Amino acid sequence: MLFNSYIFVFLFFPICLAGYYGLIHWKKKEMAQLFLVAMSFWFYGYFQVNYLLIMITSILVNYAFHRILSKELPRNAAKGIMIAAVAANLGILFYFKYFDFFLTNINQVFGTEFLLRKIVLPLGISFFTFQQIGFVVDTYRGEVQNCKLLEYALFVSFFPQLIAGPIVNQSEMLPQFAAMTERKFDWEKFARGFILFVLGMFKKVILADTLGAGVDFGYGNPDVLGRLDALVVMFAYTLQLYFDFSGYCDMARGIGKMLGMEIPVNFNSPYKAVNIIDFWKRWHITLNRFFTKYVYIPLGGNRKGTARMYRNLLLVFLLSGIWHGAGWNYIVWGMLHGVLYVITRWWQKRTGEAGKKTKNILMTYVSRILLFIYVSVAWVYFRAENIAQANKLLGIVLTGKLQKLSMELAECFQLDEFWYVLKVLHLDAMAYSRYILMFVMLAAGIYLAMFSRNASEIADRVKGKTFSAIMLGAVFVWCILSFSQVSTFLYFNF
């Protein structure tokens, strides 16, 4: 089920709110937890029942590991069980996500003819698998007390963050689940949650999907692109991915607030970053946190020398690339970030600039723009089907024809409601009228991502005034009317 769908907005979530708050009102904590688990199973199983069976099996297996690790065990035995649990989770993830990729490479290298399984990737498996790995490791470390099966099932399946994150930590959610009946309905928190939900929906439905149409055309028809067209496609994807993924996380946090819970922030204006280290403190924050806690620090972090630290950082970015997708292009993307990250750390260490913020406004904006360009180039590998396709698009950017922007590409960015505005203003008769909306979408996207307040900041600042309510209602209706062209979130593929 999608957040941006009629069934979610007009059926699923109203039922969820009514049932949950009704049980909370009558102090039925376990019933409220069970109700949310059932709703979460409905939400996930709506895509495909087989997905639900896989997730339930994963929950039961990992809960069994948790119960075993919660007992008094010899240190070596507990460590062995923890390693087995992590290996089991990674094995399941490998089978569903990487098995065909592995066979493809074996066939290419050794000339074998192993048949591909064409395995369908269960939605959100990367997210709920990593979440459970973290839980099992925390249990081994003694950070989790004995957790009931119902609470654990809710921790894993809680529908707002189930499919595309953020990757939540047990210490963030379990106390909130335990304190359900202690909280009263908070109108202000509910209102801010609704604002965040609407802003996230706007990011996805209006901005990301519109930009995505142009991106799909560009990647699907590279032979008709000139140099300017390729640049538009490259930057459009940079914005599409941000608005799509951060839009989902905003909607998830908004839903959580409307249910009286706090889901961690996963994005903090990453395109305002001035270097790659700053970027990864702002982009997909919970994934970065996971790799830091469960990979980087256990490997020694920065405690065992500079060379070891750089190796650990490169390994983290290699794993990040692999986590995002089964393809060499994802590995290239991860290493592009990793190499620049290491170079930046080396430079900061050499110059003593680590942690310092420049007071030069011009340099801040120059750094921000240069990083935006670098990240956009790296995203080309992230979006492409393979390295060859990515290299082709970047080749067009560097050496393509300097021709007029493609009218076919410009057509992809058209929104009917904006086109009517152009007609009313009699701008549709202009020779280049079809380019207006393309530039408007790109300019609006860049402004919102790089210079404007983000959705969380806006939701916290909005006052309960008539004008704000009218504007929010108008945006909500606009998004609802755009559901006819609904599309899934990009990170559903990861």
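This is a predicted model: local features need pLDDT of at least 70, side-chain atom pairs count only at pLDDT 80 or more; totals for chains, interfaces and linings use all residues.
**Salt bridges**

Across the whole structure, a search finds 13 salt bridges. Three of them are set out in the table below, each with the separation of its nitrogen and oxygen atoms.

| Pair | N to O distance | Places in the chain |
|---|---|---|
| E143 and K293 | 3.3 Å | loop between α5 and α6; helix α11 (residues 285-296) |
| K189 and E262 | 3.5 Å | helix α8 (residues 187-220); loop between α9 (227-258) and α10 (276-280) |
| D250 and K203 | 2.7 Å | helix α9; helix α8 |

The side chains of E143 and K293 meet in a salt bridge with an N to O distance of 3.3 Å. This pair links distant parts of the chain, 150 residues apart. E143 has a relative accessibility of 38% and counts as partly exposed. K293 is also partly exposed, at 23%.

K189 and E262 form a salt bridge in which the closest N and O atoms are 3.5 Å apart. K189 belongs to helix α8 and E262 to the loop between α9 and α10, so the bridge ties together parts that are 73 residues apart in sequence. K189 is partly exposed, with 22% relative accessibility, and E262 is partly exposed as well, with a relative accessible area of 30%.

Between D250 and K203 the side chains meet in a salt bridge at 2.7 Å, N to O. Because D250 lies in helix α9 and K203 in helix α8, the pair ties together parts that are 47 residues apart in sequence. Are D250 and K203 buried or exposed? Both residues are buried.

**Helix α6**

Helix α6 spans residues 149-157 and is mostly covered, with seven of its nine residues buried. The buried residues are E151, Y152, A153, L154, F155, V156 and S157. Which helices are included in what covers them? The cover includes α2 (29-45), α3 (49-69), α5 (125-140) and α7 (170-178).

**Surface patches**

A patch of positive charge is found on the surface, where R303, K304, R308 and R311 gather. Of these residues, R308 lies in helix α12, which runs over residues 306-324. R308 is partly exposed, and its relative accessible area is 30%.

The surface also carries a nonpolar patch made up of I361, L362, M363, Y365, V366, I369, L370, I373, Y447, L448 and F451. Together these residues have about 1,000 Å² of accessible area. Helices α14 (361-383) and α18 (433-450) each supply at least two residues of the nonpolar patch. Which helix gives the most to the nonpolar patch? That helix is α14, with eight residues.

F451, one of the residues of the nonpolar patch, is located in the loop between α18 and α19 (455-461). The relative accessible area of F451 is 39%, and the residue is therefore partly exposed.

Technical notes: Residues are numbered from 1 along each chain as its sequence is written. Side-chain values use heavy atoms; hydrogens and water are left out. Patches are made of residues with over 30% relative accessible area and no salt bridge: like charges are joined within 9 Å, nonpolar side chains (Val, Leu, Ile, Met, Phe, Trp, Tyr) within 5 Å. Accessible areas come from the Shrake-Rupley method with a 1.4 Å probe; for residues, only the protein chains shown count as cover. A salt bridge is a side-chain nitrogen of Lys or Arg within 4 Å of a carboxyl oxygen of Asp or Glu. Lys and Arg count as positive and Asp and Glu as negative; His and the chain ends are not counted. The place of a charge is taken as NZ of Lys, CZ of Arg, CG of Asp or CD of Glu. Helices (H or I, at least four residues) and strands (E, at least two) are DSSP runs, numbered from the N terminus. Buried means under 20% relative accessible area, exposed over 50%, partly exposed in between (1.4 Å probe, protein chains only). Contact means heavy atoms within 4.5 Å.
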